[in-house]
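Dear colleague,

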Amino acid sequence: MADRYFKTQGIVLRTYKLGEADKIAVIYTQDYGKLRATIKGIRKPTSKFGAVIEPASLIEFYLYKTNRELQKVIQAVSVDNFATIKADLDRLTEAFAILETVDKASEDMNPDIEVFTMLHNVLKWLNTCNKNIRLIFPAFCLKLLSIEGAGLVTQYCVYCNQNTELVAFELNEHGFSCDKCKKSKRVANSTIKAVQQVFNGNLRSLLESDNQLDVKQFESIAITSIEQYLGAQIKSIKKSATIV
Ligand SMILES: [Zn+2]
């Protein structure tokens with residue numbers, strides 16, 4: 001039965017109660033994608049897992065395969081608990097929104113190393129950066145859309161296909177429109193430039209810059225797009241005023 005034991009690193013997306021003393025952790029793992037594992041006795045004060053297995057932590061798990069849907073945690077060793085995130089409500093809000101999005105975007109036991117790596121990197125960034133914290137979750141959403149093959153059209157107008165100045169965001173067309181074709185409200189040119197930066201692979205320079213970005217507008221484009229893609233709301237993030 002040795003092959004029923006396996007080891008993998010994973011980031012805890014969320015946990016929920018099971019019975020009196022136990023919990024189930026939903027984990028995004030490096031090798032197996034998202035999986036669920038029971039943690040026996042975690043809610044008892046003597047549990048060795050209590051302080052280790054919490055959302056937004058990277059953990060080395062030793063698991064036992066009980067069945068396809070549910071594994072059991074045998075051992076868990078913290079690799080990185082992202083202490084700065086846990087100590088700061090603004091960072092934690094962004095982190096929970098990211099975790100919820102990954103949870104909603106992924107199926108159990110369907111590994112995707114790109115998603116795991118991006119999730120790990122975004123938590124590292126959120127844990128160490130000193131500015132533009134509110135850009136991190138929306139930028140993550142845009143990157144995730146891109147990985148899933150559902151990136152926004154940012155180089156030409158979604159209606160006339162002309163490579164011309166873009167002025168408005170068209171949610172249902174998954175991109176931007178020019179002045180002649182626009183059906184939605186205008187968005188700032190700096191917002192469109194920021195979205196283009198993410199899709200052009202210049203995310204880091206956006207996050208490091210001293211930009212004068214309209215954060216709510218950037219958030220709104222990213223969050224409405226990911227919610228439309230998922231067909232579900234991200235409940236962890238406080239909703240920005242609707243502008244598009
Ligand atoms: Zn046009």
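**Helix contacts and single residues**

The axes of α5 and α7 come within 9 Å and cross at roughly 50 degrees, and the two helices are therefore oblique to each other. Please keep in mind while reading that this is a predicted model. The crossing in which α5 passes α7 is right-handed, and the contact is made by T191, A194 and V195 on the side of α5 and by Q217, F218 and I221 on the side of α7. Sorted by class, the residues of this contact comprise four nonpolar and two polar ones, with no charged residue.

Helix α5 itself spans residues 189–199, and within it T191, I192, A194, V195, Q197 and V198 are buried. Just after α5, G201 takes a positive phi of about 80 degrees.

The other helix pair to look at is α3 (residues 113–128) with α4 (residues 133–147), whose axes come within 11 Å and cross at roughly 165 degrees. Because an angle over 145 degrees counts as roughly antiparallel, α3 is roughly antiparallel to α4. Here too the crossing is described as right-handed, with α3 passing α4. On the α3 side the contact involves E114, V115, M118, V122, W125 and L126, which meet I136, F140, K143 and I147 in α4. The residues of the contact of α3 with α4 divide into eight nonpolar and two charged, with no polar residue.

As for the overall layout, the chain is divided into domain 1, covering 2–82, and domain 2, covering 129–230. The C-alpha centres of domain 1 and domain 2 lie 36 Å apart.

Phi of F82 is near 50 degrees, a positive value in a residue that is not a glycine, and F82 is found in the loop between β5 (71–80) and α1 (83–86). Is F82 buried or partly exposed? With 19 other C-beta atoms within 10 Å, F82 is partly exposed, because a residue needs 20 or more such atoms to count as buried. N161, which is not a glycine either, has a positive phi of about 60 degrees, and N161 lies in the loop between α4 and β6. With 12 C-beta neighbours inside 10 Å, N161 counts as exposed, because the exposed class takes in residues with 12 or fewer.

Finally, there is L92, whose place is in helix α2 (residues 89–105). L92 has 18 other C-beta atoms within 10 Å and is therefore partly exposed. Leaving aside its neighbours within four places in sequence, L92 is in contact with I85 and K86. Which residue lies 144 residues away from L92 in sequence and 9.9 Å away in space? That residue is S236, the distance being taken from C-alpha to C-alpha.

Technical notes
Residues numbered from 1 in each chain as written. Predicted model: local features only at pLDDT ≥ 70, side-chain atom pairs only at ≥ 80, totals over all residues. Axes fitted to C-alpha atoms, helices over the stretch in contact; angles between N-to-C directions. Helix = DSSP H or I, 4+ residues; strand = E, 2+ residues; numbered from the N terminus. Parallel < 35°, antiparallel > 145°, perpendicular 65-115°, else oblique. Left-handed = near helix turned anticlockwise from the far one by under 90°. Contact = placed C-beta atoms within 7 Å. Nonpolar A, V, L, I, M, F, W, Y, C, P; charged D, E, K, R; others polar. Domains from an automatic or database assignment.
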